[in-house]
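Visitor: I am new to reading protein models, and I would like to go through this one slowly. Could you show it to me and then take my questions in turn?

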Amino acid sequence: MNFVDIVFASFLANNLLFFHYFGLGEFLSDPGSSSLGRRIGLSTLLLVVSTLGYWAGDHFLLVPFHLEVLRTMLVFLVLAVVVLCFSVITGPRPESRPPVMDFLTHSFLVGGVLLVGSSSSDGLEVVVAAVAVVLGYGGALVVLGAVFSRLSRERIPAFLQGLPLQLLTLGLVWLVLQGLGMAFSGKSS
Amino acid sequence: MLVVSALDHGWSVFVVAGLSVSSAWVCDELLRRWRRSSEPQDWGAPLWGLLLALMLPAQAPFYLPLLGSAFAILIVKGVFGGEGTPWINPVLGGWAFLQAGWPSAFPTMAVLTGDHRTTFDLQATDWLNTNVFSWASVQLPGGYLDLFVGLGHPATALIVESGPLWLLAATVYLLAKGYFPWEVPAFFFLAFCLPLVLTGGNVLYQIFSGALLLSLFFLASDPSSRPLGRAGLIVFASGAGLFSFLIRTWGVGSDGVGYAVLLMNLFVPWIDRRFRRKSLNDFRLA
């Protein structure tokens, strides 16, 4: 097992997953959001537990019985069970309960679980990859929040303000992450 | 540095540098006219063009310097407000753009061998070993003086690899004049060399090969994309040095040290927010 490779691949290169699956809404939201730590912590827990559940189901049920076509169904099933358990554990307080429908409908988790869960046949490697992915995601949120905050004080041309500027910013961040992925893997993805 | 590189690789070096500088200058002039800027044009854009040229292969195709400089000036600088506002280094932005688009144009890190030593390296190493290093009972292996002076590189080498000696000379002058803060090169160097020594890496080779010295002294110290306060500078430079070590140790392919600086550029707004010194207004508002 090469954990250094796994962490760097997940933290840097595979983090592009979030740009594809998570959608831009999260990145383009208010950078000063106060629930950032809780959101990242929740994402970590959900992704790690869901990925492990998916990996176990895939490894011990679907593959032995040649039912690989049901992988997407398994992801939804695992996510539903995990989020339901999480809601029961966290109690009735609405502010501490995760936005269940948001998480279920968020393709981030579906894509993340599918990608990370199927990336290795080793349970420990899958957990390391899941944690690294969410750490990378948290880092991206922090970085983009601060960058957008700085850009709000610059003299940006009027026609570029708003969405075009945010997309260009994301494009540059993507360029850096893509390049780092290439520097570690030696090939473009 | 360009002259030394031209001695090794021919006049194409000047063509690459000329195209890069002129492309940067033209794009900057276009940008100024479009923005109807009344400020006189400074030497910032041509200097960025020159720095980008140094990070290109000596025999790069003509469109690489043209496109790289255009991307650096029009996209990285122009879109985000112009002079002094880019939040990532425009030179490295243009370089990353070229790396992503034409990765095969960039050479892999050269391996230090004694096979292609120049006469200078043969004679000077022999003289140093006989007259200087023999006193300390150590021997300088062959090839290091070529690396230091910038001779004997393959045709695909980066232009900057032809001049560590001249780059250091320029750096001493600029540091003495106070053009950039000492914290950036000092902590970058420390964070790069310390883990390298601990893991038994070849420190001399790692320092004098690739674009490390250029990144360390010039690109990481760019005023618009570095943090403001001293604590921020230390965090920024240490992070860049550490990531450079990781990329050089675990990375493959071409020299990716520029990505270490770019990655820390992404964190600069956060570092400024986290480590900046509070002004009087902050206390008043509090």
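Guide: Helices here are DSSP runs of H or I with at least four residues, and strands are runs of E with at least two, numbered from the N terminus. Please keep in mind that this is a predicted model.

Visitor: What share of the 189 residues in chain A is buried?

Guide: A residue counts as buried when its relative accessible area is under 20%. Among the 189 residues of chain A, the share that is buried comes to 46%.

Visitor: How many nonpolar residues does the contact of helix 4 of chain B with helix 5 of chain B have?

Guide: From helix 4 of chain B come Leu64(B), Leu67(B), Gly68(B), Phe71(B), Ala72(B) and Val76(B), and they meet Pro90(B), Gly93(B), Gly94(B), Phe97(B) and Leu98(B) in helix 5 of chain B. Sorted by class, this contact has no charged residues and three polar ones, and the number of nonpolar residues is eight.

Visitor: Which helix of chain A do the buried residues of helix 5 of chain B pack against?

Guide: Helix 5 of chain B is mostly covered, with nine of its twelve residues buried, and among them are Val91(B), Leu92(B) and Trp95(B). Within chain B, these buried residues pack against helix 3 (44-54), helix 4, helix 11 (212-219) and helix 13 (257-275), and in chain A their partner is helix 9 (163-185).

Visitor: Is the crossing of helix 2 of chain B and helix 3 of chain B left-handed or right-handed?

Guide: The axes of helix 2 (residues 12-35) of chain B and helix 3 of chain B come within 8 Å and cross at roughly 150°. Where helix 2 of chain B passes helix 3 of chain B, the crossing is right-handed.

Visitor: Is Val138(B) buried or partly exposed?

Guide: Val138(B) lies in the loop between helix 6 (119-131) and helix 7 (144-149) of chain B, and, leaving aside residues up to four places away in sequence, Val138(B) touches Asn129(B) and Phe133(B). Because its relative accessibility is 40%, Val138(B) counts as partly exposed.

Visitor: Is Thr171(B) buried or exposed?

Guide: Thr171(B) sits in helix 8 (residues 164-177) of chain B, where, not counting residues up to four places away in sequence, Thr171(B) touches Phe180(B), Phe217(B) and Phe218(B). With a relative accessible area of 2%, Thr171(B) is buried.

Visitor: What is the relative accessible area of Asn265(B)?

Guide: Asn265(B) is placed in helix 13 of chain B. Not counting residues up to four places away in sequence, Asn265(B) touches Trp87(B), Ile88(B), Asn89(B), Ser225(B) and Phe236(B). Asn265(B) is buried, and its relative accessible area is 0%.

Conventions
Residues are numbered from 1 along each chain as its sequence is written. Chains are lettered from A and ligands numbered from 1 in the order in which they are written. This is a predicted model: local features need pLDDT of at least 70, side-chain atom pairs count only at pLDDT 80 or more; totals for chains, interfaces and linings use all residues. Side-chain values use heavy atoms; hydrogens and water are left out. Contact means heavy atoms within 4.5 Å. Ala, Val, Leu, Ile, Met, Phe, Trp, Tyr, Cys and Pro count as nonpolar, Asp, Glu, Lys and Arg as charged, and the others, Gly among them, as polar. Buried means under 20% relative accessible area, exposed over 50%, partly exposed in between (1.4 Å probe, protein chains only). Axes are lines fitted to C-alpha atoms, for helices over the stretch in contact, and angles run from 0 to 180 degrees between N-to-C directions. A crossing is left-handed if the near helix is turned anticlockwise from the far one by less than a right angle, and right-handed if clockwise.
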